[in-house]
Amino acid sequence: MRRTACAALALAAIGLSGCESTQEKSAQLEREAHSHTHASLAKTISVGHENPNIEVLSSTIVSGKEGAAVVVSLRNSSPKPIVGAPIEIMVKDAKGSTLYSNATPGLSASLTTAPPLKPHAQTTWIDDQVLLSGSPSSVKTLVGEGQTPKGSAPSIQIEHVKQIEGGQSVTGTVANHSAVAQRELVVYAVARRGSKVVAAGRGIVPEVGAHASEQFEAYLIGEAKGASVQLNAPPTSW
């Protein structure tokens, strides 16, 4: 069964500014991550059979002068971890027309694949490269089948977090406490006021070696000033 979640819409209109936007900064960091890790780009995705063990709890779009981002909350209802599940989003207007889909050739794997999901646990996935040509009204999210990895999940911790640039940027350190190097590690950042998502973004770290730490910076799309920011960095190598 396909799942549709109403989007929480920010009132600010999406526009272009003379300076480099948050979305452009994020895209540039992602390109730099690819160039360091030689990461392959994902093929065009199309979720056929949905994963019955992954529940889409919410799909929210936030927008501002920097661009737009989609935040998806997922839960694994099974007793086994799931990795590599394809995720497809379609942003629609009030008439049901699709304004944006990530089923586009050339996107990075992290923009078309859900983060690893631990057993009976929740996680957040963000697409901060959303380009819109109209007013969004809802987001449809589909998640396909994944694989069950062997062994225990690598331990990744986020430390020394600071909000800068009026709260629109978050910096910190991501520490890999496992013996497995993590390449193209994504730090997801979600800003909330109460239960409402008001801003979101991602930071890309090209590589975090085994038992090593690296700095990151995540640029937030939306209005994050005064909001509580939650961070998550799922492992990319199991």
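This is a predicted model: local features need pLDDT of at least 70, side-chain atom pairs count only at pLDDT 80 or more; totals for chains, interfaces and linings use all residues.
Residues are numbered from 1 along each chain as its sequence is written, and side-chain values use heavy atoms, with hydrogens and water left out.

Strand β9, residues 169-176, runs antiparallel to strand β12, residues 212-222, and eight bridges join them; within β12, Phe216 stands opposite Gly172. On to strand β11, residues 196-208, which is joined to β12 by four bridges, again antiparallel, and here Ala199 has Gly222 of β12 as its bridge partner. β11 and β12 form a hairpin with three residues between them, and His211 in the turn has a positive phi of about 55 degrees.

These strands belong to an open sheet of six, in the order β8-β9-β12-β11-β10-β13, with antiparallel pairing. Its edge strands, each pairing on one side only, are β8 (156-164) and β13 (228-232). The twist from one strand to the next averages 25 degrees, where axes are lines fitted to C-alpha atoms and angles run from 0 to 180 degrees between N-to-C directions.

There is also an open sheet of three strands, ordered β2-β3-β6 with antiparallel pairing, and β2 and β6 are the edge strands. Seven bridges hold the antiparallel pair β3 and β6, and Val70 stands opposite Asp127 in β6.

A nonpolar core is a set of buried Ala, Val, Leu, Ile, Met, Phe, Trp, Tyr and Cys residues joined through side-chain atoms within 4.5 Å, and buried means under 20% relative accessible area, with a 1.4 Å probe and protein chains only. The largest such core has 32 residues, and Val70, Val72 and Leu74 have the most contacts inside it. Strand β3 gives the most to this core, with six residues. Leu74 touches, among others, Ile54, Val56, Leu57 and Val143, not counting residues up to four places away in sequence, contact meaning heavy atoms within 4.5 Å. Apart from this core lies another, of nine residues, including Val170, Ala189, Ala191 and Leu220.

Technical notes:
Two strands pair if DSSP finds at least two bridges between them. Helices (H or I, at least four residues) and strands (E, at least two) are DSSP runs, numbered from the N terminus. Buried means under 20% relative accessible area, exposed over 50%, partly exposed in between (1.4 Å probe, protein chains only).
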